[in-house]
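Dear colleague,

I am passing on the structure we spoke about, and my notes on it follow below. Please read them with the model open beside you.

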Amino acid sequence: MLLLALVAALTAGAGITHYANTTALVAFAFATGALAGLAWVVGYATEQVGEHFGPAVTGVLQSTLGNLPEFFVVIFALGAGEVVVAETSIIGSLFANALLVLGLVVVAGARQSGHNLMRFSTRLPNDTITLLMLASFVIVLLGISVTSTDHASHHVKAISIVGAIALLVTYIAWVIPYVRSDAGHGEAHTPTGSLALPVILLAIAGAGAAFVSDWFIAALTPTIDKLHISQAFAGIVIVAIAGNAVENVAGIMLAAKGQADLAISVVKNSVAQVAAFLYPALILVSLLFSTPLTFSLAPIYIGALLLSALAVWQISGDGEASAFEGVALIAIYVVLGVVTLYE
């Protein structure tokens, strides 16, 4: 209850600093804290709801609702004309989950095991890599087309729409059987709490995330100017870490408790959701705005995305990972963050 009260205070503070026209840095600090806090509330409530279902349903539900803050941030960024922030927030979420969060989870899980090696089921990691590689294929192919200025490069918007639909269809083809797998493999479990309270918390946190995201974007540009940081760094590092608070906290805690499969499920479900659901869905939604999103990214991010997908496949595809490999993933993210700082 104390943490819930703290989140409520941060959210109220974010609203007050926004409407009272306080300095941008103060408003941004409150909005960032509130955004991370609301993400935690979503994660907590989803975990309670998940007691009534199996691990597959819980993982998908947590990643879906955990991405609410990121969804709203991108929508309000597009509305404010901050296309770079919107674009880098999405791919930043991919990098944060696939590199930073997964790396921290692997380090925590490997240390907890006592053998410096974290072991987990290979199905979800390999399924996630398939979805991530499909998204990378669309992005890399489009990037090559744009760089070479061939005929297809004049139809980036149309190709992005087709790619978004293809990704969404593939995601649905994967997620339905994955969720249904709970029916055959889930363990008998009697829920210990009521379903009503977490559902109410989810509704409140979802509505709060919408308001806070608007305030966050309003304070973002003046804060960037004040701190002299790039929009790319803001999107890939600051927004991504704040928006992925659920996966940051939940995944690491589960790994530290020895629940390796569930910890990997939380992180990997989020990676799959961002790559094959959130990104393509936002591309379709962005058609309502004057400057829509596409899969056309700067070459540096195309390369980083492809190499990240290969690194994640190499480290998690065999169902085990050592602490050293977790550190390697974190190191990749740190280098990427430093590069975006100077963009």
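Is Ala276 buried or exposed? Ala276 is buried, with a relative accessible area of 0%, where buried means under 20% relative accessible area, exposed over 50% and partly exposed in between, with a 1.4 Å probe and protein chains only.

Please note that this is a predicted model, in which local features need pLDDT of at least 70 and side-chain atom pairs count only at pLDDT 80 or more, while totals for chains, interfaces and linings use all residues. Residues are numbered from 1 along each chain as its sequence is written, and side-chain values use heavy atoms, with hydrogens and water left out.

Ala276 lies in helix H11 (residues 260–285); helices are DSSP runs of H or I with at least four residues, numbered from the N terminus. Leaving aside neighbours within four places in sequence, Ala276 is in contact (heavy atoms within 4.5 Å) with Leu131, Leu167, Leu168 and Tyr171. Tyr171 is 105 residues from Ala276 in sequence, yet the two are 5.8 Å apart in space, C-alpha to C-alpha.

Tyr171 also belongs to an aromatic cluster with Trp174, Tyr178 and Phe277. The structure holds 8 aromatic pairs, counted where ring centres of Phe, Tyr and Trp (its six-membered ring) lie within 6.5 Å, with planes under 30 degrees apart taken as stacked, over 60 as edge-to-face and the rest as tilted. Trp174 and Tyr178 form a stacked pair, at 4.9 Å centre to centre and 15° between the planes. Because they are 4 residues apart in helix H7 (residues 156–185), Trp174 and Tyr178 are separated by about one helical turn, and both of them, Trp174 and Tyr178, are buried.

Not counting residues up to four places away in sequence, Met118 touches, among others, Val105, Ala255, Ile264 and Glu320.

Helix H9 (residues 231–243) is mostly covered, with 10 of its 13 residues buried, including Phe233, Ile236 and Val239.

Finally, Ser316, found in helix H12 (residues 299–316), is buried, with a relative accessible area of 3%. The side chain of Ser316 reaches the backbone oxygen of Val312 at 2.7 Å, and Ser316 touches Phe120, Pro125 and Lys268, not counting residues up to four places away in sequence.

With best wishes

Methods. Helices (H or I, at least four residues) and strands (E, at least two) are DSSP runs, numbered from the N terminus. A polar contact is a pair of N or O atoms within 3.5 Å; within protein, one must be able to donate a hydrogen and the other to accept it, and residues adjacent in sequence count only if both atoms are side-chain atoms.
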